[in-house]
Amino acid sequence: MNQLNGEIEGLAVQKKASLQIAKEPERLEQQYQSSREYLQVILDSLDDELMVIDQDFRVTQVNAARLKRHGCTASKVIGQPCYKVSHNSTQHCQPPACECPVTRVWETGKPVRVTHTHFYDTGDERRERYMDILASPLIDSQGNITAVVALMRDVTEAKRLEQQIKEAHQNLLALNAVASTVSQSLDLDTILNDTLDKMLELMKGDSGGIFLLDEESQTLSYRAQRGLSEKVALEIAGLKSGEGISEKVTQPGQPIYVDDISEDASFSYPASIKEGIRAFARVPLQSKNKVLGIMNIARHSGRRFTP
């Protein structure tokens with residue numbers, strides 16, 4: 001009888017153990033899901049944007065800050081290439097436009113910090129923002145990289161302040177250079193040519209010219225030039241050969257900057273395009289709200305002028 005009771009107890013223990021084993025995968029799955037949800041809560045508490053990116057450059061996890069600023073749901077981001085999510089591009093980030101921090105992390109196994117320009121489409125608005133990106137490797141217990149964590153912070157306002165300081169410094173340099181030039185000579189043509197050279201150096205232009213206004217005839221005379229034909233210089237100044245001064249040119253105003261004349265529908269410059277001009281700046285020469293002339297600075301490369 002005792003033997004029978006022992007066998008029954010043994011069977012009961014075995015059955016209980018079997019039930020526990022059967023439930024173990026379910027318990028582990030619940031623990032995993034609970035841990036994942038807790039991790040997501042931690043990620044969503046961050047004000048900075050965060051994405052986890054696999055070796056195929058696809059987003060596997062994203063936090064709430066990223067979704068909020070892009071105005072989208074996780075289902076539209078998860079599984080998408082990171083370069084499509086951040087740049088709306090079909091290709092990997094490549095120099096000189098920008099360096100891909102994810103690629104460098106996979107190659108070096110070390111954290112990488114870069115600054116990118118990201119675009120945010122929210123409704124009908126498209127915003128350009130500067131993002132400081134810290135990409136770090138996610139390493140398993142075997143020391144292998146399993147993914148890359150990209151933490152992104154919006155540094156647009158800091159960049160703008162930095163740019164304003166840089167512009168103020170450049171303006172001071174320009175004023176000092178022009179003042180120094182004027183003080184060294186009384187010859188107008190010498191002053192104009194030296195001033196143009198200084199402005200080309202400061203604005204990193206490769207060609208330019210200066211027109212002065214004749215008040216009696218209301219025409220512009222081409223007094224200094226570097227690498228611009230008169231036809232192109234007149235075109236950039238908003239004039240045609242032999243044409244009188246238009247009202248918009250003689251009125252005091254702000255400089256005009258065009259980054260790529262071939263893509264700007266508001267300007268038509270066939271002669272400039274033919275001569276390879278890409279970007280230009282048209283700067284009115286003013287004194288006491290009166291226009292005295294126009295200075296043009298141009299570039300054959302597509303690099304932007306800094307207003």
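Analyst: Let us start with Val 283, which is found in strand S9, where helices (H or I, at least four residues) and strands (E, at least two) are DSSP runs numbered from the N terminus. The model is predicted, so local features need pLDDT of at least 70 and side-chain atom pairs count only at pLDDT 80 or more, whereas totals for chains, interfaces and linings use all residues. Residues are numbered from 1 along each chain as its sequence is written, and side-chain values use heavy atoms, with hydrogens and water left out.

User: Is Val 283 buried or exposed?

Analyst: Buried means under 20% relative accessible area, exposed over 50%, and partly exposed in between, with a 1.4 Å probe and protein chains only. Val 283 is buried because its relative accessible area is 16%.

User: Which residues is Val 283 in contact with, leaving aside neighbours within four places in sequence?

Analyst: Contact means heavy atoms within 4.5 Å, and by that criterion Val 283 is in contact with Pro 255, Gly 293, Ile 294 and Met 295. Gly 293 lies ten residues from Val 283 in sequence, with a C-alpha to C-alpha separation of 8.8 Å.

User: What is the strand order of the open sheet of five strands?

Analyst: Two strands pair if DSSP finds at least two bridges between them, and here the order is S7-S6-S10-S9-S8, with antiparallel pairing. Strand S7 (219–226) and strand S8 (256–258) are the edge strands, each pairing on one side only. Further in, strand S6 (residues 207–214) and strand S10 (residues 290–299) pair over six bridges in the antiparallel sense, and Met 295 in S10 is the bridge partner of Ile 210.

User: How should I read a nonpolar core, and which residues touch the most other members of the largest one?

Analyst: In soluble globular proteins, nonpolar side chains tend to be buried together. A nonpolar core is a set of buried Ala, Val, Leu, Ile, Met, Phe, Trp, Tyr and Cys residues joined through side-chain atoms within 4.5 Å. The largest has 25 residues, of which Met 51, Val 59, Cys 82 and Val 102 touch the most other members. Among the elements that give two or more residues to this core are strand S1 (49–53), helix H3 (82–87) and helix H4 (101–108). Apart from it lies another core, of twelve residues, including Leu 200, Met 203, Leu 212 and Ala 281.

User: Which residues of H4 are buried?

Analyst: In H4, Pro 101, Val 102, Val 105 and Trp 106 are buried. The arc is that of the directions from the helix axis to the C-beta atoms, and these residues cover only 140° around the axis, which puts them on the same side of H4.
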